[in-house]
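Colleague: Could you walk me through the chain contacts in this one? I'd like to take the interfaces one after the other.

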Amino acid sequence: MKITFMLNDRKVTWDALPGESLLDFLRRHHVVSVKKGCDGSTCGVCTVLMNHKPVLACTVLAMRCTGEHIHTVEGLADEVEKISEAFGIEGADQCGFCNPGIALSLYALKRENSNAEASEIRQYLEGHLCRCSGYQAQVKAALRYIGGGQS
Amino acid sequence: MHVEAYHKVSTLEEAYELLQTHDSAVLLGGGAWIRTGSKPIEHLIDLKELGLNTITETDQSIIIGAMVSLRDMETHQGIKQLGGGFLSEALSQILGVAFRNTATIGGSVMGKYSFSDVLTPLLVLDVSLHFYHAKTMSLASFLSQRGRFRDILTAISIDKTPCKAMFKKVSNTTLDFSIVNVAVSLVKGRHKIAVGARPSIAVLAESVMRWLDTIEKPSEMILEEAGERVVADIKLGSNQRAKEAYRQQLVKTYVTRGLKEVHGL
Amino acid sequence: MKVVNQYVPSVDGKGIMLGRPAFTDDLAEPNSLIVKVLRSPHAFAKIKGIDTKAAEALEGVELVLTHKNVPQKAFTRAGQGYPEPSPHDKFILDRYVRYVGDEVAAVAAVDEKTAEEALRLIEVDYEVLEPVLDLETAIDHSSVIHPEEGIREMFPIGFEPKRNIAASYAMHVGDVDETLKSCDQVVRETFYTQAQAHAMMEPHTVNARMDYQNRLLIYSSTQTPFHVRRILSQALDVPISRIRVIKPRVGGGFGGKQALHGEMLVALTTLRTRKPAKMVFSRQEVFESSYSRHPMRIDIALGAMKDGTLKAMDCKILSDTGAYGEHALTVFMVAGSKVLPLYNKVDAVRFGGQVVYTNKTPAGAYRGYGAIQGNFALESAIDMLCEQLEIDPIQFRQKNMIAEGESSPIFEIMGEGTEGTAMTMETCKLDTCVQRGLELIDWHNKYPRRILPNGRIKSVGMAIAMQGSGIPYIDMGAATIKLNDDGFYNLMVGATDIGQGSDTILTQIAAEVLMTTVDRVIVYSSDSDLTPFDTGAYASSTTYVSGNAVLATAEKMKLMLLEEAAKALGCARESVRFDGQVFTTDSEETITLSQLSNRLYYNEDQQQLTATASYVGTKSPPPFMAGLIEIDLDPETGEFDIVDYVSVVDCGTAINPKLAIGQIEGGIVQGLGMAHFEDVKYTKQGRLITNDFLTYKIPTQQSVKNLQTEIVHSYEASGPFGAKSVGEIGIDTPPAALANAVYHATGVRITSLPITAEKRMAGITAKKGEQQS
Ligand SMILES: Cc1cc2nc3c(=O)[nH]c(=O)nc-3n(C[C@H](O)[C@H](O)[C@H](O)COP(=O)(O)OP(=O)(O)OC[C@H]3O[C@@H](n4cnc5c(N)ncnc54)[C@H](O)[C@@H]3O)c2cc1C
Ligand code: FES
Ligand code: FES
């Protein structure tokens, strides 16, 4: 079935299967920034923005996206670059498999709460598992990004 | 997930009709739980376009549409006021923000999950469920019903009478199911105590609640006794997450602490 | 130093965050066949019959593989030095299945749905056998897990398959029994550790295609691309020259990708069908059917004199390698060789035991590689001994632990499945680590516990640890640097960046030597056709071994440049200075690197400048650390918060301090997961219950409130710019430090991991009972 939605501010009409997750759907259409870590709502690496709110692409059905705005890191490059600068400064990058998802959540958090503190960041990012970093550097990077580049 | 037919309905009648005609039809809330199943779904009925995703407030109650996400509920100002914010607190401990932006209150109630962190706090409030067909029913009586319940939940309403309340989820990480959870409330001198993930579904500790209601200004000792009575009163069990003995210890401790908190002790 | 030991952001972080195709599955051919595996529902069974007709007949199915139509040649999946110290006990597909999740058959189909449907159509007739599920009864069990012919050890490792023994080992120094007898105090305890899951975020992923030269091209999320190429060639009987393995960006490994997982089946599919094929493990497959940490039972005895002199250590281990013997011996040995030398002044030490087969998910390499298991036992037992001696555990450690300039006979005796290499600790700042750790956590005001007004208890605990830096005379790294026009460089390394940042630090090393900036050195890893050989990312070898190779290569390139500059400037090499950009002669004539490069490629003396060098270690200088934890425990529920974890580490001079701290902190949090809730549960029939992130919990953002991590000043002369390794050591201390802190808080000594809240509460309740009676 064809569905029409806004992907990174551009209208697209793509073929979706009735039970297909947004994750499989996007990857099948070569949007590979969205990763699959568990396919079971438990790791956060598949996070995308739906109408500017983070959702798990493995959990949402592709069919549900008709008429909605979906953003991935490809579509928010300016903001993601800022986040990535902050990650670089704090040494928060490791394997990076979790990073596109985290970047989207951080962007959403900043829009929701531009004064978020460490504890609020930890809570907001809680759904993003990261097996590499130990999280602390990510929190420092998040503070830096939310603080507009300052730590 | 394998779905044969996906139905986007625009009225409740249409949805209900489909639900009754196809024995295998499944209503789609957020779909998070449905996706964990491995059985192919013949008919999936999407409730998204029915306008069930709003929260409204009256003088007496807050009415939450069945398609409201757990996250919208958690961050709603009115809900943050309930019982000192204990319900928002409970919701905030279910997986991550992105998950809660998808999972709905309708799916969370209708699933009757034994591990639920939603039902336990709701049980200590005054909650009614509104169905398309069966009309209105209290949460407690819905939970005690057995068998398949083929109706559409349209909204839940929560009485706003000010109360003091507390919720505790015991788990290894916040992304974890509860090992056990406890909610306690005090409304105009009346107590409610609910225990969930026992590991079976949440229940009220009715006899202990009634006993406490008869005692004026319960002392710390009484509240400690109440914790023990709850353990004796409701059934706790073992599963791979914890043994019964540990659940007993947790329930005793947190019921007492919850009661002390709502009594300001 | 301008680039090394400086803040430099990772060279690839931005592109990855921006979502550029980088990981294995991002690079799969869009029309790849999907390979899926039929997995055993039984812990142990013999396949009496297997009928694949219906599956083969299904439209869209291209290939069905069973033991009947794949090469039957035993191999090991372990990516290790060759010949491997692991038994060759695995067949691509076999007539026996040895754990729930073991491979029965594989299907390649046009899409996922068809592949799944085909799996359902395969009929298997099993003869279900009695499984061996308990490591303590595995030896000489009536069920023999590997009764088949054709399996073997490559050199003596104590392999006795008929007894369910994959490997065994014994060593001693001095007379342990006599020494223990002469001690004033002896502690004996048995410890258990669990089969922790790696839980890297990127599942095991592989894809293959035939390239336009008709060669097999494999993309694999592996830590060891060169081992993958060799093992594929051997097991599939394909000339190694016909195989190319590319390791793209890898989304975490931790040892779990130091082996072949889907590579065999995907390679076979492509070889047989000539079509591109791919396989991505489901999360359940990652848990059930890849690797886990070797669970161990560790019996330890320590003996000391009243004055606090440690005299003897006796350590007997039973390790569980699961269904296959990958890394069986070497992980086992590290539980001794990278643990016991911490206390090097003893008169006698004994270490030995067996590694047994069971019908469980195979164990393999996992960060720490035995050291975390051994450390939990030893560092718990040291605290127990101190309690008996009524001696402060810090003072005891300070008196007995290894120090700079010292050695241990164990280094010479125990190596990678064979003999080791004698070495003296040229750098060992363990004393500083302990001292600084005590300050950072404010030990003296917090030890052992404080009871708060609300009844909660705050306590501290600590442990020390060591690891290695590669395997001497085995781990080899090489690098190639190529000069380009305009004077920027390519750095080609076989070393595998799996997220630990090796591409960045190797770039830094090259840039430092060549006196340039990291953006002028373009790193590429790893591609078996293009990059030089490297044994892979394991054994904490990359910084030290591959780093030394890069250092030597860059030095070579610098000499070449000077040579060419001298020619261009018409003088002797000795009279040319180079600052990274400009060559200057004694008579102040100059040519820039850019000019020189353009001259070399376009104008005169045209030639390509390329330097290659290799490095193989002659020792393995250990990093050291002190780990200290503060917990805040609720004695009525056993729950606690981890308030603080202090790590002070001697890893030599860190090439990139921020990335090094990231390695340490990542290790600490992983170690804490193992220490207190990463629990592995099986059903009585041997099915893994904890096979997803719902049932197997790993630490989250909120699991640890604060980490304080410091690197002490240290310079290891044999390392590149003074560096030692840092990739593994972080994981070693949390279990023992936590066990010790829980003991300080509650008086309950927990000897089996994980130290869950439920266990803590049970201990507290039992203790209360004792006190009352
Ligand atoms: C991985 C995972 C972890 C979880 N962890 C927790 C946890 O720790 N604590 C916790 O409390 N919960 C947890 N949950 C449950 C979660 O919070 C939701 O309750 C659950 O996902 C159901 O919500 P949904 O909107 O996704 O419902 P769906 O999956 O859409 O539906 C669930 C069921 O309800 C039915 N249904 C949905 N809406 C209606 C309606 N309006 N009328 C009638 N029937 C309806 C569906 O047909 C289906 O049978 C978890 C869920 C998952 C998938
Ligand atoms: S892949 Fe969606 S949460 Fe893990
Ligand atoms: S950086 Fe590897 S999972 Fe987060």
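Predicted model: local features only at pLDDT ≥ 70, side-chain atom pairs only at ≥ 80, totals over all residues.

Colleague: Fine, how many residues does the contact take from chain A and from chain C?

Modeller: The contact draws 46 residues from chain A and 52 residues from chain C, and the two chains bury about 3,900 Å² between them, with 56% of that area on carbon and sulfur atoms.

Colleague: Which residues in chain A lose the most area to chain C?

Modeller: Those are A:Cys95, A:Arg131 and A:Gln136, which together make up 20% of what the chain A side buries.

Colleague: And how many salt bridges are there between chain A and chain C?

Modeller: The count is six salt bridges, including one that joins A:Arg27 to C:Asp26, where the closest N and O atoms are 2.7 Å apart. There are also 22 residue pairs in polar contact across this interface, counting pairs with both residues at pLDDT 80 or more.

Colleague: Let's switch to chain B. What area do chain B and chain A bury between them?

Modeller: Chain B and chain A bury about 2,100 Å² between them, 54% of it on carbon and sulfur atoms, and the contact involves 28 residues from chain B and 26 residues from chain A.

Colleague: What about charges there, how many salt bridges between chain B and chain A?

Modeller: Five salt bridges are counted between chain B and chain A, one of them between A:Glu112 and B:Arg71, with the closest N and O atoms 3.1 Å apart. The polar contacts between these two chains come to 10 residue pairs, again with both residues at pLDDT 80 or more.

Colleague: Which elements of chain B each supply at least two residues to the side touching chain A?

Modeller: On chain B these are strand E1 (3-8), helix H2 (32-36), strand E3 (41-46), helix H3 (70-74) and helix H6 (97-100). E1(B) gives the largest share of that side, four residues, and the residues of the side as a whole divide into 13 nonpolar, eight polar and seven charged.

Technical notes: Residues numbered from 1 in each chain as written. Chains lettered and ligands numbered in written order. Heavy atoms only, no water. Contact = heavy atoms within 4.5 Å. Buried area = accessible area lost by both parts, 1.4 Å probe. Salt bridge = Lys/Arg side-chain N within 4 Å of Asp/Glu carboxyl O. Polar contact = N/O pair within 3.5 Å; in protein donor to acceptor, adjacent residues only side chain to side chain. Nonpolar A, V, L, I, M, F, W, Y, C, P; charged D, E, K, R; others polar.
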